[in-house]
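Q: I would like a close look at one part of this model. Please keep it brisk.

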Amino acid sequence: MERIIDGEKLNVPEHIAVIMDGNGRWAKKRFMPRGFGHKAGADALEQALEDADELGIKYLTVYAFSTENWKRSVEEVTGLMNLFRKFLESAIPKSNKNNVRVRVLGERSKLAPDMIKAIENLEESTKNNTGLQFNVALNYGGRDEIARAMKKIAEEVKDGKLSPEDITEEVISSHLDTWEIPDPDLLIRTSGEERISNFLPWQLAYSEFYFTDTLWPDFNRNSFIEAIRHYTKRDRRYGGVK
């Protein structure tokens with residue numbers, strides 16, 4: 001969707017996915033513990049939600065905690081989970097005030113019972129909001145998501161509700177965590193790393209990628225605009241020829 005932003009005509013993606021990388025390095029540069037960086041990253045996310053809404057982005061999906069992140073130290077994981085709890089508690093009034101709908105992607109059954117309840121409450125409380133659609137990937141792994149989808153499909157085949165011949169890309173997509181959400185137009189990864197790290201591998205098949213050296217806590221409105229500027233220059237052919 002073309003929009004004029006700060007006097008510049010830009011093609012704003014409908015859906016942006018973000019790998020919020022670099023919190024630990026941001027803290028290390030300041031001789032602070034990793035938890036300090038994660039708190040700064042959470043603050044940057046709060047601002048990113050406002051910026052995305054103001055820039056006209058319809059869907060924002062962020063990679064908050066992967067299935068592999070459990071391998072980190074107990075101290076770091078505990079700190080992250082406490083940050084998520086605070087987010088889940090504060091998100092309902094903020095989201096409803098700003099007309100934001102929140103969904104949580106990932107295998108939530110492995111989370112603490114109080115977090116699962118808070119997630120369900122947040123999703124239910126914001127389900128009718130029609131503004132920015134904010135998706136948080138929490139205990140999410142792309143391969144895990146696809147495996148869970150395959151198990152659901154296999155059960156439907158076993159029960160006679162679906163035949164193997166009926167399994168299409170659309171059927172698989174409808175069994176993923178993102179079944180209500182269009183595929184990302186643009187993936188942003190901060191901190192200079194250039195890989196997707198098991199984030200939305202099915203959904204990113206034809207997404208444009210943008211990598212920046214900016215650490216996530218330093219990512220701001222101007223960073224968003226720079227990513228959108230690069231996206232505007234891309235020629236999306238989806239395997240075809242123009």
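Are Arg189 and Asp21 buried or exposed? Please take the salt bridges from there.

A: The model is predicted. Arg189 is buried, and Asp21 is buried too. Under 20% relative accessible area counts as buried. Their side chains meet in a salt bridge, at 2.9 Å from N to O. Arg189 sits in strand 7 (residues 186-189), while Asp21 sits in the loop between strand 3 (15-19) and helix 1 (23-29), so the pair ties together parts 168 residues apart in sequence.

Now set two other bridges beside this pair. The side chains of Arg72 and Glu76 form a salt bridge, at 3.0 Å from N to O. Glu76 counts as buried because its relative accessibility is 12%. Arg72 has a relative accessible area of 33%, so Arg72 is partly exposed.

Salt bridges with shared partners join Asp21, Arg25, Arg189, Glu193 and Arg195 into one network.

Next comes a bridge inside a helix. Asp43 and Lys39 meet through their side chains in a salt bridge, at 3.0 Å from N to O. Both residues lie in helix 2 (residues 34-55), four residues apart, or about one turn of the helix. Asp43 has 41% relative accessibility, so Asp43 counts as partly exposed. Lys39 has 42% and therefore also counts as partly exposed.

Across the whole structure, the search finds 21 salt bridges. The bridge between Arg189 and Asp21 is one of them.

Definitions and conventions:
Residues numbered from 1 in each chain as written. Predicted model: local features only at pLDDT ≥ 70, side-chain atom pairs only at ≥ 80, totals over all residues. Heavy atoms only, no water. Salt bridge = Lys/Arg side-chain N within 4 Å of Asp/Glu carboxyl O. Helix = DSSP H or I, 4+ residues; strand = E, 2+ residues; numbered from the N terminus. Buried < 20%, exposed > 50% of the residue type's maximum accessible area, 1.4 Å probe, protein only.
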